[in-house]
Amino acid sequence: MSNTTVEEKIHDVVIVGSGPAGYTAAIYTARANLKPVLIAGMLTPGGELMNTTEVENFPGFPDGIMGPELMERMQKQAEKFGTEIIFDDAVKMDLESEIKTIELSFGDIVKAKTVILATGSAYRKLGVEGEEEYTGHGVSWCATCDAAFFENKKVTVIGGGDSAMEEALFLTKFTDEIILINRTDNFRASEIMKERVFQSGKISVLTNHSVAKINGKERTTEAGFTVKEVDSITLVNNQTNNNVNMPTDGLFIAIGQDPRTDLVKGQVDLNPDGTINVTRGTSITSIDGVFACGDVIDPHYRQAITAAASGCIAAQDVEHYLLKKNDNK
Ligand code: NDP
């Protein structure tokens, strides 16, 4: 027997995603009295910031704030103004009808006049042993967020695209010992970024090597806490198949990102890079009543603060859309 609950209520707006974009959209739409419903996800609400340790570049927190705490605060702020948060995953969406329908993993169905897609993006993973274990303990996907923890340490950047070049160049502000590793000798990065890396004097480049394993150890801090940390990586030479162990204090993985669009592919228009196509400077997608914000529309900046700003834009677009709809009735 199905446990499907079809809510009779048609909400003004449902937001899918609980990163900075989703929560900001919720705060603004709640304050506009639109009583938003936010589908936060079941196992990993809070988005990528839940995997980050200290966030030192979000304005308003001069002493930094832990990623999970920042997300908890955003959640509280959204709830304070009346957002209904559902800790379940959206598994199916019908966006093309006038009333949008979202099915959740336990079979419940949420209906709304408008949808804000704030599903974010996922950093591509290497898929090697030690990657999950040392995430946040020496393995990072964001130099802007974490480079300061590696001051004067030996760090490794993986990737051959512009992101990897950018990560490596950002790290030069903190350390002179950076190794950039590309799995082939073909770089996807633009010439200008490659040149900057090759000329920096602080970055050595190793080609034709892939990471086979991330190794680490446990250490007791002066305060008596046990912490895990990366101490080396096992590399495989892709030309000889030989393995080599390379000491490193940290690993920045920059091998691309994938916008999370699985549920909306074939409905909203996507860009060639996989992000949702929105009218420039807005959150307006190819479908009437469907808006998108945050990393799922952004192939470039991908910061908590830019995602939050984008969520604010989506909330205002929804508000104007609903006002116009009501005026036309
Ligand atoms: P890209 O897809 O351009 O590059 C990904 C890199 O990671 C490639 O070198 C690829 O190698 C490598 N890679 C992929 N999977 C693996 C793996 N499993 N193991 C090892 N290496 C792997 O992604 P980026 O994130 O670098 O860039 C995305 C877009 O954003 C690009 O259009 C880029 O130009 C743009 N961008 C621009 C910036 C700027 O202009 N300042 C900054 C950052 C991004 P292979 O080539 O062998 O597949």
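Me: Which residue lies over the face of Phe 81?

Reply: A charge sits over a ring if NZ of Lys or CZ of Arg is within 6 Å of the ring centre and within 35 degrees of the ring normal. Here Arg 31 takes that place, 4.8 Å from the ring centre of Phe 81. Likewise, Lys 125 lies over the face of Trp 141, at 5.7 Å from the ring centre. This is a predicted model: local features need pLDDT of at least 70, side-chain atom pairs count only at pLDDT 80 or more, and totals for chains, interfaces and linings use all residues. Residues are numbered from 1 along each chain as its sequence is written, and side-chain values use heavy atoms, with hydrogens and water left out.

Me: How many aromatic pairs are there?

Reply: Rings of Phe, Tyr and Trp (its six-membered ring) pair if their centres lie within 6.5 Å; planes under 30 degrees apart are stacked, over 60 edge-to-face, the rest tilted. The count is six aromatic pairs. One of them joins Phe 187 and Phe 198, edge-to-face, at 5.8 Å centre to centre and 85 degrees between the planes. Phe 198 is in helix H5 (191-199). Helices (H or I, at least four residues) are DSSP runs, numbered from the N terminus.

Me: Is Phe 187 buried or exposed?

Reply: Buried means under 20% relative accessible area, exposed over 50%, partly exposed in between (1.4 Å probe, protein chains only). Phe 187 has 17%, so Phe 187 is buried. Phe 198, at 39%, is partly exposed.

Me: What is the relative accessible area of Leu 43?

Reply: Leu 43 has 75%, so Leu 43 is exposed.

Notes. Helices (H or I, at least four residues) and strands (E, at least two) are DSSP runs, numbered from the N terminus.
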